[in-house]
Amino acid sequence: MYNPLVEIKNIHKSFGPLEVLKGVDFSVNQGEVVCLIGKSGSGKSTLLRCINLLETPDSGMIHVFGEDVLSIKDVNQFRKRVGMCFQQFNLFANYSVIDNCIMPQLKVLKVSKQKATETALYYLEKVGMQEFANADVRRLSGGQKQRVAIARALCMQPEIMLFDEPTSALDPEMVNEILA
C-alpha cells in the first residue's frame with residue numbers, strides 16, 4: 001500500500017476565538033510540489049507551522065514519512081528531515097552570510113567546518129549569493145536576505161522543504177531563478 005509523504009486530515013487550529021484552520025485535508029506524494037494559495041490571514045503559515053511542530057493543532061492528524069507528527073518525542077530529529085524557510089528570513093544578524101549557512105550544519109548535522117563551508121558555497125551559488133558570502137546580513141536587501149534564508153535551509157539537505165512565501169521579497173526575474 002502506498003502512503004503519502006505528508007498527510008493532513010481534519011486539522012483545526014484556533015487562536016482564542018479566531019478559528020484559523022477549519023478541517024484542512026490534503027496529502028503530498030513523493031516528488032510533488034504543492035502550493036497553498038489564499039488571502040492573507042487564511043491560515044497558510046499556520047498550517048506550515050503545524051506540520052513542522054512550531055504550532056500544535058487543536059485537533060486532527062498530521063503524518064509525515066508515515067509517522068504521526070503529533071506524537072513525536074524528539075522534535076529536533078524530526079526537524080532535521082523537514083526544512084523550513086520562513087517569510088521573515090530569521091537570519092542571525094550577528095553572522096555573515098556564509099556563517100548563517102554554516103552554523104546550523106555544525107550544530108545540528110555535526111558535519112566538519114570544511115564540509116559545511118563547501119555545502120554553503122554550493123547553495124549560495126545556486127541562489128546567486130556566493131559573491132556575498134562574507135557580507136554582513138544586516139546590509140542585504142530583502143530579496144538578498146530571502147535568498148540567503150533559502151540557501152541556509154537547503155544546506156541542511158532536508159527530505160521535505162516547507163516554504164512560507166519564499167518569493168515575497170524578490171523581483172520577478174529572481175522569482176523565476178529561485179523557482180528553477
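Reader: Is Thr-119 buried or exposed?

Author: Buried means under 20% relative accessible area, exposed over 50%, partly exposed in between (1.4 Å probe, protein chains only). Thr-119 has a relative accessible area of 7%, so Thr-119 is buried. This is a predicted model: local features need pLDDT of at least 70, side-chain atom pairs count only at pLDDT 80 or more, and totals for chains, interfaces and linings use all residues. Residues are numbered from 1 along each chain as its sequence is written, and side-chain values use heavy atoms, with hydrogens and water left out.

Reader: Where is Thr-119, and which residues does Thr-119 touch?

Author: Thr-119 sits in helix 4 (residues 113-126). Helices (H or I, at least four residues) and strands (E, at least two) are DSSP runs, numbered from the N terminus. Leaving out residues up to four places away in sequence, Thr-119 touches Gln-105, Cys-155 and Gln-157. Contact means heavy atoms within 4.5 Å.

Reader: How do helix 4 and helix 5 cross?

Author: Two packed helices are described by the angle between their axes and the distance between the axes. Axes are lines fitted to C-alpha atoms, for helices over the stretch in contact; angles run from 0 to 180 degrees between N-to-C directions. Here the axes of helix 4 and helix 5 come within 9 Å and cross at roughly 135 degrees. Helix 4 and helix 5 are therefore oblique to each other. Angles under 35 degrees count as roughly parallel, over 145 as roughly antiparallel, 65 to 115 as roughly perpendicular and the rest as oblique.
Helix 4 brings Thr-119, Ala-120, Tyr-123 and Leu-124 to the contact; helix 5 brings Ala-151, Leu-154 and Cys-155.

Reader: What about helix 3 and helix 5?

Author: Helix 3 (residues 97-109) packs on helix 5 (residues 142-155) at about 25 degrees, with the axes 9 Å apart. The two helices are therefore roughly parallel. Among the residues that meet are Pro-104 and Gln-105 in helix 3 and Val-148 and Arg-152 in helix 5.

Reader: Now the sheet. What is the strand order?

Author: Strands of a sheet pair through backbone hydrogen bonds, either parallel or antiparallel. This open sheet of 4 strands has the order 2-1-3-4, with antiparallel pairing. Two strands pair if DSSP finds at least two bridges between them. Strand 2 (18-28) and strand 4 (67-68) stand at the edges, each with a single partner strand, so one side of each lacks a neighbour in the sheet. Strand 1 (residues 6-15) and strand 3 (residues 59-64) pair over 5 bridges. Glu-7 stands opposite His-63 in strand 3.
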